[in-house]
Amino acid sequence: MTASQRIRTVGDTADVIILGAGPAGLVLGNLLRTSGIDCLVVERAERAHLRTRARAGFLAANTVRILDRHGLAEGLHRRGHEHSTCEFRTDDGRFRLDYGGLGRGERHTVYPQQELVTDLLTHYLDIGGRISFGTEAVAVTGVDSSRPSVSVRGPDGRPEQWRARYVAGCDGRHGAARRSLPSGAVRRHHRDHGVSWLGLLAEAPPSLDAVGYAIHPRGFAGHMARTPEVTRYYLQCERGESADAWSDERIWDELALRMRAAQYGELHRGPIIQRAVVDLESDVLEPLRHGSLLLAGDAASLLSPSAAKGANLAVLEAEILARALVDDLAHGDATGLERYSEQSLAYIRRAQEFSQWMIQLLHGAPDSDGGPLLHGPLGPARIESLRTSRSQQDWFAERYVGV
Ligand code: RFL
């Protein structure tokens, strides 16, 4: 049976309609389905596209524990690899932090997000989960009632309305869930850090056995392994600059310069297979529930990729939300749903605070007028205390791997 044959006909309902088949939506779908809750995932993209959408790669130890707990971690144990070192390069030299031996002694697992999504999707379909690909959620209505509905545009372009007891908005920052919140229903905490990164994927093996953070007068450069064949790099760029303005050659020359390749080892070059400008900002909603609409993942809180927290939060929130929905729908206990927002926001705020700390580590602190980030005299001081203070290193390790 194909995935599309699993979709029920127009007018059918599910207990929970999940918008979005990213890490948040698919973890939620798997957990609900396993607990016997009837759910339907609505996904705008086609299945093939989900397999190729490269984004995150660094999974926290807690994320792996959650996936393990629910039998969703087989692929990442087989093909992912553990990672526990980062290297900082500045004008004053370089130093390494083996964060796996600091703090709580936890490591990352490097596993590309598109592979995690593929595993979650396969598992979901294997256990009989329903998903509608190529279907865009346009709006969620009736969220103040106990029978909300989702207007969708299916693959044939025809508008339809699906009803549920709850709608889980896991469709990212620009999805229908956020758009459908009545005005004034939630507060939005938005912060633009004033810095932009050119996010790159290179078809080239990693160039060092560590996450590389280079602080250079020309701007930041970052290096993160993904697989033995693919590496993610970041280059700080001008706000508003087009990614297309960066040719492969210009990218590699700039990376080599900022990462001081002549001094510390040449970079393995290869074709740049993805380039996109990311403005570093955070955008968190509060509360994460309005009536029968609940938000999780990037739909709830978008954080800058500076500390690699987004996918990890998405998985954590999906587990909390799944438990709360099962308690309510299967046992009539609404306590978890009442606490969902507060509980998740406590994790989100800690991750947000650390992501912001990382931005200031890599780009300096804003001046007293709240102006742009500049590597003034305070920037090197933060790096220096990380290099020399064991307690600062333990603090860093705990927050870097933790959520
Ligand atoms: P996703 O993954 O964006 O999935 C949302 C899904 O919703 C679908 N959708 C809709 N479907 C139906 N109707 C609509 N109207 C829809 N609108 C959208 C989309 O097609 C999609 O399939 O959200 P989710 O599940 O909340 O997961 C969040 C993570 O994807 C995100 O936080 C991370 O990728 C952030 N992130 C990282 N996080 C980490 O934990 N570790 C990392 O190493 C890491 N690296 C990164 C990152 C994000 C990056 N970008 C994209 C800025 C590196 C980069 C470059």
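The crossing of helices H1 and H5 is left-handed, and it is the opening stop of this tour of a predicted model.

Please select H1, which spans residues 23–34, together with H5; their axes come within 9 Å and cross at roughly 25°. Angles under 35 degrees count as roughly parallel, and H1 is therefore roughly parallel to H5. Next, display the side chains at this contact. H1 contributes Pro23, Leu26, Val27, Gly29, Asn30 and Arg33, while H5 contributes Gln113, Val117, Leu120, Leu121, His123 and Tyr124. By class, the residues of this contact of H1 with H5 comprise 7 nonpolar, 4 polar and 1 charged.

Remain on H5, which covers residues 113–126, and select aspartate 119 within this helix. The side chain of aspartate 119 forms a polar contact with the side chain of tyrosine 111, at 2.6 Å. Leaving aside residues up to four places away in sequence, aspartate 119 touches Gly75, Leu76, Arg79 and Tyr111.

Select H3 (residues 61–69) and H9 (residues 310–331), whose axes come within 9 Å and cross at roughly 40°. Because of this angle, H3 is oblique to H9. The crossing of H3 and H9 is left-handed. To view the contact itself, select Asn62, Thr63, Ile66, Leu67 and Arg69 in H3; they meet Asn312, Val315, Leu316 and Glu319 in H9. Coloured by class, this contact of H3 with H9 shows 4 nonpolar, 3 polar and 2 charged residues.

Terms used: Residues are numbered from 1 along each chain as its sequence is written. This is a predicted model: local features need pLDDT of at least 70, side-chain atom pairs count only at pLDDT 80 or more; totals for chains, interfaces and linings use all residues. Side-chain values use heavy atoms; hydrogens and water are left out. Helices (H or I, at least four residues) and strands (E, at least two) are DSSP runs, numbered from the N terminus. A polar contact is a pair of N or O atoms within 3.5 Å; within protein, one must be able to donate a hydrogen and the other to accept it, and residues adjacent in sequence count only if both atoms are side-chain atoms. Contact means heavy atoms within 4.5 Å. Axes are lines fitted to C-alpha atoms, for helices over the stretch in contact, and angles run from 0 to 180 degrees between N-to-C directions. Angles under 35 degrees count as roughly parallel, over 145 as roughly antiparallel, 65 to 115 as roughly perpendicular and the rest as oblique. A crossing is left-handed if the near helix is turned anticlockwise from the far one by less than a right angle, and right-handed if clockwise. Ala, Val, Leu, Ile, Met, Phe, Trp, Tyr, Cys and Pro count as nonpolar, Asp, Glu, Lys and Arg as charged, and the others, Gly among them, as polar.
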